[in-house]
4 protein chains.
Amino acid sequence: MASSTIVPAPDTLAPADPRAPIRVGIVGATGYVGGELLRILARHPSATVVAATGRGRDGAPVETVHPHVTGSGLTLTSELDVEVDAVFLALPHGVAATVVPGLLDRGITVIDQGPDFRLRNAADYPAWYGFEHPAPELLGRAVFGLPELHRGELVRAAASRASGTAALVGSPGCYPTATLLALAPLARAGLIADLVVDAKSGVSGAGREARAEMLFSEVNESVRAYGVFNHRHTAEIEQELGILAAGTGAESGVARLDFLPHLIPMTRGILSSGHVRTTRPVDQSELDALYADAYAGEPFVDVVGAPPATKQVTGSNRARVFVRHDPRTGRVLALGAIDNLVKGAAGQGVQAFNLVFGLPETAGLEALPLAP
Amino acid sequence: MASSTIVPAPDTLAPADPRAPIRVGIVGATGYVGGELLRILARHPSATVVAATGRGRDGAPVETVHPHVTGSGLTLTSELDVEVDAVFLALPHGVAATVVPGLLDRGITVIDQGPDFRLRNAADYPAWYGFEHPAPELLGRAVFGLPELHRGELVRAAASRASGTAALVGSPGCYPTATLLALAPLARAGLIADLVVDAKSGVSGAGREARAEMLFSEVNESVRAYGVFNHRHTAEIEQELGILAAGTGAESGVARLDFLPHLIPMTRGILSSGHVRTTRPVDQSELDALYADAYAGEPFVDVVGAPPATKQVTGSNRARVFVRHDPRTGRVLALGAIDNLVKGAAGQGVQAFNLVFGLPETAGLEALPLAP
Amino acid sequence: MASSTIVPAPDTLAPADPRAPIRVGIVGATGYVGGELLRILARHPSATVVAATGRGRDGAPVETVHPHVTGSGLTLTSELDVEVDAVFLALPHGVAATVVPGLLDRGITVIDQGPDFRLRNAADYPAWYGFEHPAPELLGRAVFGLPELHRGELVRAAASRASGTAALVGSPGCYPTATLLALAPLARAGLIADLVVDAKSGVSGAGREARAEMLFSEVNESVRAYGVFNHRHTAEIEQELGILAAGTGAESGVARLDFLPHLIPMTRGILSSGHVRTTRPVDQSELDALYADAYAGEPFVDVVGAPPATKQVTGSNRARVFVRHDPRTGRVLALGAIDNLVKGAAGQGVQAFNLVFGLPETAGLEALPLAP
Amino acid sequence: MASSTIVPAPDTLAPADPRAPIRVGIVGATGYVGGELLRILARHPSATVVAATGRGRDGAPVETVHPHVTGSGLTLTSELDVEVDAVFLALPHGVAATVVPGLLDRGITVIDQGPDFRLRNAADYPAWYGFEHPAPELLGRAVFGLPELHRGELVRAAASRASGTAALVGSPGCYPTATLLALAPLARAGLIADLVVDAKSGVSGAGREARAEMLFSEVNESVRAYGVFNHRHTAEIEQELGILAAGTGAESGVARLDFLPHLIPMTRGILSSGHVRTTRPVDQSELDALYADAYAGEPFVDVVGAPPATKQVTGSNRARVFVRHDPRTGRVLALGAIDNLVKGAAGQGVQAFNLVFGLPETAGLEALPLAP
């Protein structure tokens, strides 16, 4: 479906700021996360993509792979062969871990969109991903790139970067992002006694590789659970909820997560539904105060008063969070909705990039959602 | 979009059995459940629809409302004005309860597709539906029309009907059907200590009435929760699980259900995901035996070894049930997938009708699912 | 997504007629047309599928490939290794042509769902399909299996079959079926002076092979033209319209077709929109009479008074045809809507099979469409 | 589905340019075009929406109607009650015509997104729209707001505006935009001898009003033609093609258009397929040169070498145009793809607004398309 442009529109849409932009490379630019990074960074005021790599597409104009990304003038290469200040990695798990050490050594800041630097405990990699981590010494240096939970670390990484130490960000997975934003205030308050997370994702999260089970005719007009009891994002969610709950006495409530993802017939969007039994009775006003306090001032998180629809965030870096106490059962429901490719991937990577480079956190991410 | 046929195909597709078919009326035939009843009964070997009523559509050929139901020769009427042996009611809640007594008095067997005769406790109606039940004395006579759980009662109703007492079936809701089939074996074994039911439905369950929030542009590419803590089907699920668990000592585990329905962008299908903490440790082999035992011989229930997709049952009266124990967390997952308009509504109504009239349970319901 | 059944429902749904059914083989049973043949024939009153072959799936139960086709008891084989009376071929173009001669020699009647026996002129195969036909002598024997146009030939083939000569049917393509049913009365009347056919298809027509451009995320929320000026179905349409127009003096109007197919985001359904300049002025009443006459008595064709929606025929073997004259421009519009997998493929094959075996034409094809 | 924000994100996303922005009102802000105007203008560097009106929604925060448009701080009013420099009208046809004279008198520039000022000939209004135009004297003053065809007039209107005469723009319809961009070079060259336009639209073009036939369950998995022979956009297309072809001797080829729109199951996007018989033989190189020349320098039009998919322009103001000559038939195919709500409505209105206010034509419209 590639559609090379014969008469391209002139690039009147170039970044507004011509002052020495940050030079960015995208490694693994041919998939959906790569395309989303290209789309977002093409309009970033302070960054310019100077290199994009893609397996087996050496020499192909970016537009032949991502027809909607017009005017970039970029050509895919097999290797990162120009100087860059930062790279975004969109690689299969296990691959990023092998290239990151070299990049950091060259002083290049890394935003890894994959899982290789999200987990703090090296033993989690063989357990959940089936590979021994080749650079476990970097796991402590890496920042889990969810700014709403780890902004301080990202700012510290920015300071280090300014003094010469390249930063390493493990950008969170899509399900963890939606789930953690929905549940963080409860976890931090030690309120989670028992937790079921039932999540629904659009199909783009499964990537761009040709697989028969992701054909339109298979996915459309159908819903199914998958990754039953072994979805890899479980590890991230347990890790981060565990950190939040540490010291509250409610650590066990988030330690053995019942996480069930579902594939639903849409392209973009994740809704995470967190079902919580609480460690003590709560009421709605306490929850409201908790969430208001947690997200006041957050540029991308809206706490909303009705169950959010993923369409309300499509194409944007925004998250919608909803929390409700049920007086009848005593339970609490916490919902989080995001666009899996933006706040759940590329947009979140850019948000962390902004922080690490001392830019306004919202730079390049100002677009409102596209609805309907 | 009604499309009246100018040159209709000749009705070479008439029911095969010309011997005095059972005369059926459909009251409230203009919605999706009504259309589905017309579609199924048009090919039923032993029943003939002789009347179909629809508010404000008096005199309209059925095909102007349901263009796909060709060849019926039926015209909508405002009242049920011919003799019938049975009626299917597809009416708003609260309405059926007012007309059923008269129908029964006339000796007409009633399959009510709405909720008015599903609940045994009259007090549940004001609590969940906001109306006082006008005929509470009939609640004990009504059979909850899920044959897999109440076949014996349906067969007894058939015997009574044969001796002159019209039967009354409260056909279950779509969510309860998927949920109860998934969870019944666990409930009956007293295994449910704590239960979260997170369900996903296609849009046809919301009916055919024009509502802005159900427009294609609103629903497509979006998912959202709704009916938070107050969906009316909760009452049915709690009632039936409670009956199953009665005497097991695990009654409390199903007494205060955390039920959360979601609207997803598809027309047909329900997937119910039951997340269970068990009253005691179990293993997969015990679960397999439990489900094999429960559903051996059931004509419409398949216990499957991989998470079911709703597309695998579309257009059919079949249900797919999946159960899995997680050794890591000790929890149990039970999934149920159905077509909400068939096994979740019209097909199930016909299944009960078959039993009540002493017909083969599968009559008219033989069609395999339509996939892809 | 295969979902092997652990506790299958008992086969209470077996064909009603136990008398020596016709033994049928399906060669190439793993794709969508194969699945549709299995689905339809599983409920056929006079045929039984006794063999189903699939490349590289030797020994796999049919249900692992088509989870919705339960209860068949069939296992896929690599070769057709049991005796059959008829085979349906669902093979890539060029392959069927090599196996058909052997099948016919063994006295096996062949319904070829592919294109290898649709065209009468052997030279069309290298021109449109890129291969020399290996058995051109069979092209004259083959019947173009659109019963509405070639019923006489199918009935003659039935007579020959009864006297020992296996029949060969080239079952039409999906686009030709929708297009020819819409335009046949105009062509036969010599009314087509100039013709544009602009068609829209669901994605299942592209088959079940994994291709990145058919992923849900690529197809959803998008429409595009494809096969510009070289779609292979053009040849069939020109051939059949040419036969119809022969001798009317309007042969040239259908000789160089402007046929443009589009891919739209749905699984099933084809709508063909025929834009006609007429050879002489017409009016609506003439058109109405023409179409009424053409399709009176046809069991599967409805001439309708409003533009048909493909949803009105989904899952059924029915076609809806609409014709309208525009007094303002003098042009005529002719629309045809079918389910591409049923009337456009498997259902039509079964319809021809019925005729060739002297069965009621509608046997096994009685199901009404599934809507919504 | 409205979801009022409890803890809104702080408005860190305000327009970058704080210098006296142009004050804009949106009249009829509750529909899809209104929402799209709000979305685009919220990020416009030189304009600020200061008023938004909506029937019966007086006092409602904009976000209750358009949940995705966060941070505007706007409240819907029933009347335009603050001072504005320009208004965008998104009103039913016939209504704008009654309010525009008053607005112009007050010196307010008007971008009318409806049809009331698109047609030059007052007699076309009763013929196509069923109302007598109440202000025919303004039809000559109005500019047909397709910048690619009428940029000079828009620039002249800008000059007049600067000297005190409010501008009036009739922003084109969605189908005309896609169709005219695809066909303009051919029409201007006098090449169109005969024309069929077969167009496919997403459902958002039908608006946000609750209508049963636009329910998800009705539209999904279906395609149908509508507006057969009487779609109102026909008048615009004929008018503009007629202007382009004037003096070429090929006026008749575009005078009686065969225009057929189809509704397909997607939310956004229009693809217009123009089937052309030419007035003389052409070849591909001539067409390539013609289109290169026509669109060189156009910021929003890409002439592409493969059939465009609407997904390649979703959410952006871009159009993709494709032209191809068929040596076999001698015909020419011209395709145009846009997002109906952006380039087909709100984005195009903003593009004209930019020109009329002397701003960079691309201001606020820089976003790349959202794909997948």
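Modeller: L149(A) is found in helix α5 of chain A, which covers residues 147-162. Keep in mind that the model is predicted. Is L149(A) buried or partly exposed? L149(A) has 19 other C-beta atoms within 10 Å, so it counts as partly exposed. The cut-off for a buried residue is 20 or more such atoms. Setting aside neighbours within four places in sequence, L149(A) is in contact with L180(A), A184(A) and E240(A). S222(A) shows how sequence and space can be compared: it lies 73 residues from L149(A) along the chain, and the two C-alpha atoms are 35 Å apart.

A helix in chain B can be described in the same terms. Helix α1 of chain B (residues 32-41) has ten of its ten residues buried, so it is largely enclosed by the rest of the structure. Among these buried residues are Y32(B), E36(B), R39(B) and L41(B). The buried residues of α1(B) pack against strands β2, β3 and β5 and helices α2 and α10 of chain B.

Now to an open sheet, in chain C. Seven strands form this sheet in the order β4-β3-β2-β5-β6-β8-β7, and the pairing is parallel. Strands β4 (76-77) and β7 (143-144) of chain C stand at the edges; each has a single partner strand, so one side of each is left without a neighbour in the sheet. Helix α10 of chain C (residues 342-356) packs on the sheet and touches β5, β6 and β8 of chain C. The direction of α10(C) makes about 155 degrees with that of β6(C). Inside the sheet, β2 (residues 22-27) and β3 (residues 47-53) of chain C pair in the parallel sense over six bridges. V27(C) has T53(C) in β3(C) as its bridge partner.

Antiparallel pairing can be seen in chain D. Strand β15 of chain D (residues 332-338) pairs in the antiparallel sense with β12(D), residues 270-278, over seven bridges. V276(D) has V332(D) in β15(D) as its bridge partner. Strand β14 of chain D (residues 319-325) also pairs with β15(D) in the antiparallel sense, over six bridges. Here R320(D) stands opposite A337(D). The hairpin of β14(D) and β15(D) has six residues between the strands, and in it G330(D) takes a positive phi near 80 degrees.

In a regular strand the side chains alternate between the two faces of the sheet. In β15(D), V332(D), A334(D), G336(D) and I338(D) point one way, while L333(D), L335(D) and A337(D) point the other way. All of these residues are buried, and the strand is described as mostly covered, with seven of its seven residues buried.

How are the copies related? A rotation of 180 degrees with 0.0 Å of shift along its axis superposes chain C on chain A, with an RMSD of 0.0 Å. The two copies are thus related as by a two-fold rotation axis. Of the interface residues of chain C, 100% are also interface residues in chain A, so the copies meet through the same surface.

Definitions and conventions
Residues are numbered from 1 along each chain as its sequence is written. Chains are lettered from A and ligands numbered from 1 in the order in which they are written. This is a predicted model: local features need pLDDT of at least 70, side-chain atom pairs count only at pLDDT 80 or more; totals for chains, interfaces and linings use all residues. A residue is buried if 20 or more other C-beta atoms lie within 10 Å of its own, exposed if 12 or fewer, and partly exposed in between; C-beta atoms are placed from the backbone. Helices (H or I, at least four residues) and strands (E, at least two) are DSSP runs, numbered from the N terminus. Two strands pair if DSSP finds at least two bridges between them. Copies are superposed by least squares on the C-alpha atoms of residues with pLDDT of at least 70 in both. Two residues are in contact if their C-beta atoms, placed from the backbone, lie within 7 Å. Axes are lines fitted to C-alpha atoms, for helices over the stretch in contact, and angles run from 0 to 180 degrees between N-to-C directions.
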